[in-house]
Amino acid sequence: MTSPTLPILQNYINGQWSYAAATELLDVINPATAEPLAKVPLSPAETIDQAAQAAQTAFKSWRKTPAPQRVQYLFRLKNLMEVAFEDLAQTITLECGKTLDEARGEMRRAIENVEIACGIPMMMQGTNLEDIATGIDELMIRQPLGVAAVIAPFNFPGMIPFWFMPYAIACGNTYLVKPSERVPLTMIKVFELIDQLNLPPGVLNLVQGGREAVDAILDHPVIRAISFVGSTPVARYIYNRAAANGKRVQCQGGAKNPVIILPDADLEMTTRITADSAFGCAGQRCLAASIAITVGEARDTYTESIAQTAASRVVGYGLEPGVQMGPVITKASRQRIEALIQAGVDQGATALVDGRSPQIPGYEQGHFVRPTILQNVDPASEIAKTEIFGPVLSLIHLDTIDQAIELINSGQYGNMACLFTESGAAARQFRYEAEAGNIGINIGVAAPMAFFPFSGWKESFFGDLHGQGQHAVEFFTQTKVVVERWSPKSWSRQF
Ligand code: NAD
C-alpha cells in the first residue's frame, strides 16, 4: 500500500536525476512513528542497464584522468559532506531509527573513508625491480577494472556505500550504488552533493531497487566487480551468482558476536561498553554483541550489572535529546525479534529483562523493542546460534576461557569476538585463538577504522579482499606485470 501524496524518489544516472520505469513503488517508513516519508521505486533491469551503460561510457575517459585529479573530486565531496553533516545524520535517523548521535558517528566514518581514498596516488602505486635479470626490468602496475557496484543493507544507509565507492572511483573505475529499498533517502542526499561536484556524467550512479535490480547487477555483462553487505543467505546467493558470471565479488554477511567477560574485567567499564554494543543502534549492527559469556565469578556481578543497565536504557525517537536507543527498522523486524525472544524462553532461557511490547509515549505505532536479557542460555540451543539483529543479549556461563574460546570457534559466524579482562596473557591467547575477523580487547564494537580492512571470517564473509583501506584498493584494481628489455646498443645512439 502506498500513500498518493508522497514524493517519488528518483535515480541518478549519467549525471541526471530521472524516474525509474518502475512497475512497483514501496513506502519508505519512519520506524519511530510508522509514518511514510516517500515512495521508492523498485527499478527494473532496464534501469540497471542504463546506469551500467552510462558507467561503461564514462570509464573510457575517467580511467585516463590522472589519479591526483580524480581525488580532487573526493576532497570537494568531503567538504560538502562536512557542511551537510547534520542534515545527513538527521536523514539517517528519520529513515533508519537510530539516535542522532549514532547517525553522526556513522557519517563520521563515511567521511573518513573519503579522506583515506584521497591517498590513492600513493595507495595505488605498483612495485618494480630494475635488473630482475641482466638488462631486464619488471614492473607491477595497478589498473582499474571498469564498472563496479555496491548492494547495501538497511542498517548503515550513510556509511556502508562509502566502504567501497570512494576507493572505486579514485582507482579509476565507474560506479553504481544500490541502497537498501528500506532506507533510500540518505543516498539521495549524498548524491545531491555528488551532483554539485561536476564529475563527468556516468562516473557515479544511484539506482533504487530491490531483488530485480540486484539480479540485473549480478547478471549485467559490463559490471566487473560487486560489493555486497547484508544477511548471510543473501550474501551466499550473491557470491555464487556473481562468481558464476565471472565477476570479482566480496560479500559481507551476518553475525552472532560473542563477548567473553573474565572475572578480572573492570565491571563498570565492561557493563557500559557491552551494553552500548548490544543495544546501540537497537542491536542492528553487524558488530553488535549478541552473546555475553561470563567466566567464573564474573557470572553474578556482570549479570546483575548488565540487567540494571539494560532496564534503565532510555528508548524513544532518535531525534529527541537524551534518547539512548531507537526503534528497529520495521514492524516485521519487531515481530521477528519478539518471536526469537519467545523461542529462547521456550528453549530454556529466562527473560531476565523482557523488552517485548513496550509502550513509548507519543510513539505507540513505532517499531520498538526494549533491551532484553536472556539468562541461562544453553550454548547448544538454536537461540545461541541465530542472528537476532535486535536489542537482545544472551548470557551464557562457562568455567574457563578455554571453554569460552572453544564455544566461539564452534559458531558458524566470524564477524567479531571480544574479550574483557585486565590480563595481558589472556588477551594474547584470545587474540591468537579466536576465530573472527574483527577482535576487540576491552572494546565492544571492534569496527576497524577506514585505514584497516573491515574483516570478517567464516559465514560472515564470502571472498578474500574486504572493504576499506588497502584491501579496497586491491579489490578495485587488477595487476599487470610488465617485463622489459632494451638493447644496450640503442642506449648510446639516443644521445
Ligand atoms: P538483506 O540481506 O536483507 O539486504 C541487503 C541487500 O540485499 C539490500 O540491498 C536488498 O535489496 C538486497 N536483497 C535482499 N534480499 C534479496 C534477495 N533475496 N535477492 C537479491 N537481493 C536481495 O540485509 P538487511 O536486512 O538490509 O541488513 C541486515 C543484515 O546485514 C544483517 O544480517 C547484518 O548482520 C548484515 N550486515 C553485515 C555487515 C558486515 O559488515 N558483515 C554490515 C552491516 C550489516
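Domain bounds here come from an automatic or database domain assignment. The shell around the ligand takes at least three residues from each of domain 1 (11-253 + 460-481) and domain 2 (257-441). This is a predicted model, in which local features need pLDDT of at least 70, side-chain atom pairs count only at pLDDT 80 or more, and totals for chains, interfaces and linings use all residues. Residues are numbered from 1 along each chain as its sequence is written, and side-chain values use heavy atoms, with hydrogens and water left out.

Around the ligand there are 29 residues, of which A152, E181, S231, Q252 and E387 come nearest; a residue is near if one of its heavy atoms lies within 4 Å. The shell consists of 16 nonpolar, 8 polar and 5 charged residues, where Ala, Val, Leu, Ile, Met, Phe, Trp, Tyr, Cys and Pro count as nonpolar, Asp, Glu, Lys and Arg as charged, and the others, Gly among them, as polar.

Polar contacts are pairs of N or O atoms within 3.5 Å. A polar backbone atom of A152 is 2.7 Å from a ligand oxygen atom, and a backbone N or O atom of F154 lies 3.0 Å from an oxygen atom of the ligand. At G253, a polar backbone atom is 2.8 Å from a nitrogen atom of the ligand.

Notes:
A polar contact is a pair of N or O atoms within 3.5 Å; within protein, one must be able to donate a hydrogen and the other to accept it, and residues adjacent in sequence count only if both atoms are side-chain atoms.
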